[in-house]
2 protein chains.
Amino acid sequence: MQASPAAKTVVIDRPFELELGGRLPALTIAYETWGDLRCGGDDAVLVIPAFSAHSHARSSTGDPGQGWWEHMIGPGAPIDSRRHLVICASLLGGCHGTSGPRSPRADTGRSWTGDFPLVTIGDLVRCHLLLLDHLGIDRLACAVGGSMGAMQSLELGLHHPERTRGVIAISGTDRTRPATAAIRHLGRKAIMNDPDFRHGRYEGSGPRAGLELAREIGTVFYRSKEEFNHRFDWSPVAEPSLGGITFDVQSYLRHQGRKAVGTFDANSYLRLSLAMDLHDVGRGRASLAELLAGNPVHYLIGGVREDRLLPVAEQREIHETLIAAGCRSSFREFTSPVGHDAFLVEQPAIEASIRDFLAAL
Amino acid sequence: MQASPAAKTVVIDRPFELELGGRLPALTIAYETWGDLRCGGDDAVLVIPAFSAHSHARSSTGDPGQGWWEHMIGPGAPIDSRRHLVICASLLGGCHGTSGPRSPRADTGRSWTGDFPLVTIGDLVRCHLLLLDHLGIDRLACAVGGSMGAMQSLELGLHHPERTRGVIAISGTDRTRPATAAIRHLGRKAIMNDPDFRHGRYEGSGPRAGLELAREIGTVFYRSKEEFNHRFDWSPVAEPSLGGITFDVQSYLRHQGRKAVGTFDANSYLRLSLAMDLHDVGRGRASLAELLAGNPVHYLIGGVREDRLLPVAEQREIHETLIAAGCRSSFREFTSPVGHDAFLVEQPAIEASIRDFLAAL
């Protein structure tokens with residue numbers, strides 16, 4: 001739950017106003033880069049983490065541990081660090097070095113915990129832009145993300161079109177639907193039901209059981225039915241019982257849940273989860289058409305047929321809305337038994353799409 | 001959580017051995033009937049409750065409250081009580097009058113609570129058959145059920161073909177897949193995570209928060225994405241907050257969750273949930289083909305395209321397996337924004353299928 005040892009931090013020493021109210025007196029941003037900082041500017045690619053990710057998208061000499069997008073970034077990779085300066089910053093409100101509930105408050109010196117303000121996708125994007133300002137990057141080649149990263153890359157392209165030439169948004173959405181909000185609500189409730197949550201003012205790891213369950217609920221939606229039915233035994237693997245493991249899919253879920261404890265702070269989980277539910281790129285505008293008018297960014301919108309969390313129909317709709325407004329957009333529908341999480345694993349079709357889009361930018 | 005005042009009870013005063021071990025010294029079965037008991041025998045239809053249902057499938061003079069299948073049963077209804085004696089019994093292991101965790105133990109006089117044995121779909125069906133024996137019904141016209149009721153009606157038709165001429169199984173499965181077991185695991189974990197669960201040895205309502213969450217998780221799968229996106233507001237209905245209601249889909253889920261408390265006992269929830277996960281009509285057989293050989297029952301297998309819990313592909317597969325084995329089976333694919341729960345609400349296509357099947361039996 002700490003920043004990678006490879007992460008640099010920058011402190012933006014002025015107040016940061018949050019969209020839903022509240023302010024942070026200063027902002028700390030933890031980020032990593034690959035490639036040569038001198039090739040910045042128009043060649044820079046901002047890789048934006050999804051919900052459970054962080055700045056460590058790829059290994060480096062400072063941290064040889066595998067990054068969460070190890071296969072996507074590097075010399076010769078789809079996001080080629082010989083051609084681009086690649087930047088990735090941990091998320092505002094998260095727990096990996098950028099300001100969040102575990103950060104110390106300036107006034108008390110103690111962690112914010114449950115008093116950290118609510119954040120929005122818009123806030124997260126403004127935080128990324130402050131980092132770009134610090135790095136002297138006026139305009140990116142591309143902002144790239146999957147899932148919650150795609151919500152941010154879309155937000156960046158639509159609300160700050162002067163800051164990037166391209167946007168890649170895989171398995172994201174422009175506006176969270178009630179069917180998706182229902183799912184995330186379950187995870188938050190699992191955490192807040194846990195008596196160790198203590199209204200967010202817990203010490204240490206806090207609501208372990210709740211966080212585990214939240215992650216298990218998430219996992220069912222992050223992956224596909226097809227994968228589970230192919231991968232796991234259909235018969236009991238042990239004497240049936242209520243407390244123990246009867247089916248091996250339960251072992252898998254428990255493993256995923258336990259991994260979340262120690263890598264995810266519950267207060268961060270809650271804030272980033274609600275930020276996704278509140279996501280609506282068109283908020284405060286008369287219409288999405290108004291927001292899109294004259295938007296010069298090139299978009300690559302992709303989705304996965306087996307996605308149970310953000311159905312590919314939503315991504316297709318984004319693309320169609322962009323095209324109808326005269327924007328430049330390409331759409332790719334992928335198929336993968338992995339489902340929503342497909343962008344995180346090696347998928348040649350997704351890699352080729354990203355490689356080709358960046359080459360043509 | 002009590003039996004309907006219209007329910008009659010029969011006590012089968014001999015030991016009942018459970019498939020997974022353990023025995024009940026006697027069995028109490030709570031049931032209701034509609035139509036004339038004298039028209040029993042070949043005209044009787046057994047309506048089998050799903051997970052959260054019970055014997056009160058339809059109102060009567062003894063209990064004018066709406067039944068869970070009010071529109072399906074009655075004079076002139078698809079299951080016509082002028083033509084059939086209609087019987088419905090609460091489930092073994094449940095909490096509506098038939099023996100279950102809240103029933104008193106013969107040895108101590110106190111409730112079984114967490115010591116009630118595990119049950120299987122096979123046990124539930126044998127319990128229904130004991131009721132039929134008591135009523136002097138050797139052979140039904142039809143056994144009808146949706147979801148968990150369909151698992152039981154299939155089990156009855158395949159393992160006890162001498163006891164029924166027809167089986168109607170809507171939105172059920174012959175064998176629970178890992179993808180479905182993963183979902184039910186989440187609900188059980190929500191209950192067992194609750195400190196008020198006390199290993200099942202709670203007093204009173206027990207793990208309220210856990211039971212609520214379990215039911216909320218279930219609700220997301222019982223209904224469809226399409227319904228949620230059509231029915232609920234896409235924008236926040238209140239100032240965003242973590243503890244409160246931000247979206248109206250959250251109010252709906254909370255309402256469903258709270259309804260479960262007071263109508264569902266947590267120990268019953270756990271046992272019936274695991275019974276569904278363990279369901280496999282072919283268990284202990286060399287092959288399903290062996291089980292099907294010469295099976296003379298007529299089957300109506302149906303499913304709903306929008307079902308997120310038991311996809312229609314599973315029901316189609318049951319039908320195809322029956323046909324391949326030379327059995328008589330019809331298949332209907334329904335479409336409904338309600339999803340898995342469609343059989344519980346008024347759906348003319350489902351009603352017509354059941355009416356026509358019974359008329360042709």
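In this predicted model, B:P337 comes out as partly exposed, because 16 other C-beta atoms lie within 10 Å of its own, while the cut-off for a buried residue is 20 or more. The residue is found in the loop between β12 (328-334) and α10 (348-360) of chain B. Its surroundings come partly from elsewhere along the chain: B:K225 is 112 residues away in sequence, yet the C-alpha atoms of B:P337 and B:K225 are separated by 7.9 Å. Setting aside neighbours within four places in sequence, the contacts of B:P337 are B:S224, B:E226, B:E227, B:H230 and B:E306.

Most residues other than glycine have a negative phi. A:S171 is not a glycine, but has a positive phi of about 55°. A:H199, also a residue other than glycine, has a positive phi near 55°. A:H199 sits in the loop between α3 and α4 of chain A and is exposed, with 11 other C-beta atoms within 10 Å.

Now for the sheet. In chain A, eight strands make up an open sheet with mixed pairing, in the order β1-β4-β8-β5-β9-β10-β11-β12. Its edges are β1 (8-12) and β12 (328-334) of chain A, each of which pairs on one side only. On average, and with direction ignored, neighbouring strands of this sheet are turned by 20° against each other. One parallel pairing is that of β9 (residues 140-146) with β10 (residues 164-170) of chain A, which are joined by six bridges. Within that pairing, A:L140 has A:T164 in β10(A) as its bridge partner.

Helix α1 (residues 121-135) of chain A lies across β1, β4 (27-34), β5 (44-48) and β8 (85-89) of chain A, and runs at about 65° to β4(A). Helix α9 (residues 312-324) of chain A packs on the sheet as well, where it touches β11 (298-304) and β12 of chain A. The direction of α9(A) makes about 160° with that of β11(A).

How many of the eight residues of β4(B) are buried? The count is eight of the eight, so this strand is largely enclosed by the rest of the structure. With β8 (residues 85-89) of chain B, β4(B) pairs in the antiparallel sense over four bridges, and here B:E32 is partnered by B:C88.

What about the nonpolar interior? In soluble globular proteins, nonpolar side chains tend to be buried together. The largest nonpolar core in this model has 212 residues, and those with the most contacts inside it are A:V45, A:V47, B:V45, B:V47 and B:V144. Take B:V45 as an example: apart from neighbours within four places in sequence, B:V45 is in contact with B:I79, B:H84, B:V86, B:L140, B:A141, B:C142 and B:V144.

That leaves the meeting of the two chains. Here 41 residues of chain A are in contact with 41 residues of chain B. On the side of chain A that touches chain B, α3 (178-193), α4 (208-222), α5 (225-231), α6 (248-260) and α7 (266-277) each supply at least two residues. Which of the elements gives the most to this side of chain A? It is α3(A), with twelve residues. By type, the residues of that side divide into 28 nonpolar, six polar and seven charged.

Finally, the two copies can be laid on each other. A rotation of 180° with 0.0 Å of shift along its axis superposes chain A on chain B, with an RMSD of 0.0 Å. This is the relation of a two-fold axis. The same surface serves both copies, as 100% of the contact residues of chain A recur in chain B.

Note on methods:
Residues are numbered from 1 along each chain as its sequence is written. Chains are lettered from A and ligands numbered from 1 in the order in which they are written. This is a predicted model: local features need pLDDT of at least 70, side-chain atom pairs count only at pLDDT 80 or more; totals for chains, interfaces and linings use all residues. Two residues are in contact if their C-beta atoms, placed from the backbone, lie within 7 Å. Ala, Val, Leu, Ile, Met, Phe, Trp, Tyr, Cys and Pro count as nonpolar, Asp, Glu, Lys and Arg as charged, and the others, Gly among them, as polar. A nonpolar core is a set of buried Ala, Val, Leu, Ile, Met, Phe, Trp, Tyr and Cys residues joined through C-beta atoms within 7 Å. A residue is buried if 20 or more other C-beta atoms lie within 10 Å of its own, exposed if 12 or fewer, and partly exposed in between; C-beta atoms are placed from the backbone. Two strands pair if DSSP finds at least two bridges between them. Axes are lines fitted to C-alpha atoms, for helices over the stretch in contact, and angles run from 0 to 180 degrees between N-to-C directions. Copies are superposed by least squares on the C-alpha atoms of residues with pLDDT of at least 70 in both.
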